[in-house]
Structures are given as structure tokens and as C-alpha cells.
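These are my notes from going through one structure. I kept to what I could look up in it, entry by entry.

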Amino acid sequence: MIRCMRQEDAAAVLDIYRDGIDGRNATFETVVPEWEAWDRRHLPHSRFVFGEDGGPILGWVALSPYSSREAYAGVGEVSVYVRSGAGGRGIGTQLLGAVVASSEERGMWTLFSGIFPENGASIRIHLKNGFRILCRRTKIARLDGVWRDTLLLERRSERIV
């Protein structure tokens with residue numbers, strides 16, 4: 001079941017983010033931020049969580065602004081995370097579908113993600129939701145002192161022209 005993210009979901013959202021950080025194939029971040037910092041970095045709309053019949057939250061999705069410049073108001077970076085051990089059940093695909101629909105309802109025309117090439121599950125769910133691989137950014141940043149590549153994936157809305 002997908003629903004809008006609420007303030008009381010903060011601990012679960014950050015716990016799932018910690019899973020991603022610890023796995024070292026989801027983000028360059030190495031420390032889980034305080035909720036207030038996480039909240040400031042993400043758009044206030046198009047935030048969703050996935051949970052099963054009153055059970056724990058198993059995944060979340062949110063958007064970050066690409067730029068503070070007005071020309072890019074319709075461009076957002078996607079963050080989608082699924083709790084460790086809950087993969088392979090379509091949770092990420094459903095969350096991405098929800099954020100795509102919500103972003104378009106709010107007039108956003110482009111979504112993008114930077115994904116480690118080793119994160120095949122994330123690449124697959126993005127491709128299922130209409131994203132395409134634009135390029136491989138070689139040695140874009142270091143994680144734990146090691147240069148890492150990312151793939152840049154983008155989805156251009158067909159509704160917002």
C-alpha cells in the first residue's frame with residue numbers, strides 16, 4: 001500500500017536510508033542526516049511510503065530540487081529506497097510510479113537519478129517507469145576513498161510539453 005509520507009514516518013524513512021548507506025551501492029552519503037536536514041533537502045510534495053496492512057514501512061520515494069533557478073522548477077532528482085530484505089516484490093517500481101504521477105500533476109517535466117552501475121535493481125525499476133540511461137559518469141565522486149561511476153537516468157514527461 002502506498003500513501004503520502006507523514007512526519008511520523010521520519011524514523012522509518014531514515015532507517016531505510018541507513019540501509020542504503022550501509023550497502024554502499026545506493027548513495028555517496030556516509031552518514032544519516034537528522035530529519036530536519038533530510039526534510040529541507042527534499043521537495044514538500046511527491047513523498048510516498050510503502051507499507052503492508054499496518055506493518056512496517058518497507059520503502060519510500062521523494063524528490064529533491066535540481067536547482068533553485070526558476071527555469072528548472074520542473075526538474076527533480078529521484079530518491080527511492082527499499083528496506084533491506086524487502087526487494088524483489090515490486091515495491092520500488094510502485095513507488096517510482098507514484099512519484100512520476102504526482103510530479104506530473106504538479107507540472108514537473110523531467111525527473112532524473114544518478115545510480116551506481118552495480119545497483120541493477122534500481123536501474124531496472126527506473127527503466128520500467130520510463131527512464132532512459134543518458135550516460136555513464138566515470139569517476140564522478142569517491143566513496144570510502146574509491147572512485148565510483150554513476151549512470152545518469154532521465155525521464156521526460158510526455159504530458160508536460
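Entry 1. Thr 150

Is Thr 150 buried or exposed? The model I am reading is predicted, and in it Thr 150 has a relative accessible area of 4%. The cut-off for buried is under 20%, so I put Thr 150 down as buried. I then looked up where Thr 150 sits, and found it in strand 7. Leaving out residues up to four places away in sequence, I listed what Thr 150 touches: Phe 28, Gly 114, Ile 115, Phe 116, Pro 117, Cys 135, Arg 136, Arg 137 and Ile 140. Some of these names come back below.

I noted an open sheet of seven strands with mixed pairing, and I wrote its order down as 1-2-3-4-5-7-6. Which strands stand at the edges? They are strand 1 (2–4) and strand 6. Each has a single partner strand, so one side of each has no neighbour in the sheet. From one strand to the next, the twist averages 25°.

Strand 1 pairs with strand 2 (residues 48–51) over three bridges, in the antiparallel sense. Arg 3 has Val 49 in strand 2 as its bridge partner.

Entry 2. Salt bridges

How many salt bridges are there? The count is twelve. I looked at several of them.

Arg 3 forms a salt bridge with Asp 9, and their closest N and O atoms are 2.7 Å apart. Arg 3 is partly exposed at 23% relative accessible area, whereas Asp 9 is buried at 3%.

Arg 136, one of the residues that Thr 150 touches, forms a salt bridge with Asp 149, at 2.8 Å from N to O. This pair links distant parts of the chain, 13 residues apart: Arg 136 is in strand 6 (residues 132–143) and Asp 149 in strand 7. I noted Arg 136 as partly exposed, at 47% relative accessibility, and Asp 149 as buried, at 17%.

Arg 159 and Glu 104 also meet through their side chains in a salt bridge, with 3.5 Å from N to O. Arg 159 is in the segment after strand 7 (146–156) and Glu 104 is in helix 3 (residues 91–105), so this pair ties together parts 55 residues apart in sequence. Arg 159 is exposed, with a relative accessibility of 55%, while Glu 104 is buried at 8%.

I also found a network of salt bridges that links Asp 15, Arg 18 and Arg 83.

Entry 3. Helix 4

Which residues of helix 4 (residues 120–128) are buried? I listed Ser 122, Ile 123, Ile 125 and His 126. They cover an arc of only 170° around the axis, and therefore lie on the same side of helix 4. The face turned away from that buried side carries Arg 124 and Lys 128, which are exposed.

What do the buried residues of helix 4 pack against? I found strand 4 (75–82), helix 3, strand 5 (110–115), strand 6 and strand 7. Gly 130 follows helix 4, with a positive phi near 90°.

Entry 4. Aromatic pairs

Last, I went through the aromatic rings and noted eight aromatic pairs. In one of them, the ring centres of Tyr 17 and Tyr 81 are 5.2 Å apart and the planes are at 90°, so I recorded the pair as edge-to-face. Tyr 17 lies in helix 1 (residues 10–23) and Tyr 81 in strand 4, so the pair ties together parts 64 residues apart in sequence. Both Tyr 17 and Tyr 81 are buried.

Phe 28 and Phe 116, both on the contact list of Thr 150, have ring centres 4.9 Å apart and planes at 70°, so this pair is edge-to-face. Phe 28 is in the loop between helix 1 and helix 2 (35–41), and Phe 116 is in the loop between strand 5 and helix 4, 88 residues apart. Phe 28 is partly exposed at 27% relative accessible area, whereas Phe 116 is buried at 3%.

Key: Residues are numbered from 1 along each chain as its sequence is written. This is a predicted model: local features need pLDDT of at least 70, side-chain atom pairs count only at pLDDT 80 or more; totals for chains, interfaces and linings use all residues. Side-chain values use heavy atoms; hydrogens and water are left out. A salt bridge is a side-chain nitrogen of Lys or Arg within 4 Å of a carboxyl oxygen of Asp or Glu. Buried means under 20% relative accessible area, exposed over 50%, partly exposed in between (1.4 Å probe, protein chains only). Helices (H or I, at least four residues) and strands (E, at least two) are DSSP runs, numbered from the N terminus. The arc is that of the directions from the helix axis to the C-beta atoms. Contact means heavy atoms within 4.5 Å. Two strands pair if DSSP finds at least two bridges between them. Axes are lines fitted to C-alpha atoms, for helices over the stretch in contact, and angles run from 0 to 180 degrees between N-to-C directions. Rings of Phe, Tyr and Trp (its six-membered ring) pair if their centres lie within 6.5 Å; planes under 30 degrees apart count as stacked, over 60 as edge-to-face and the rest as tilted.
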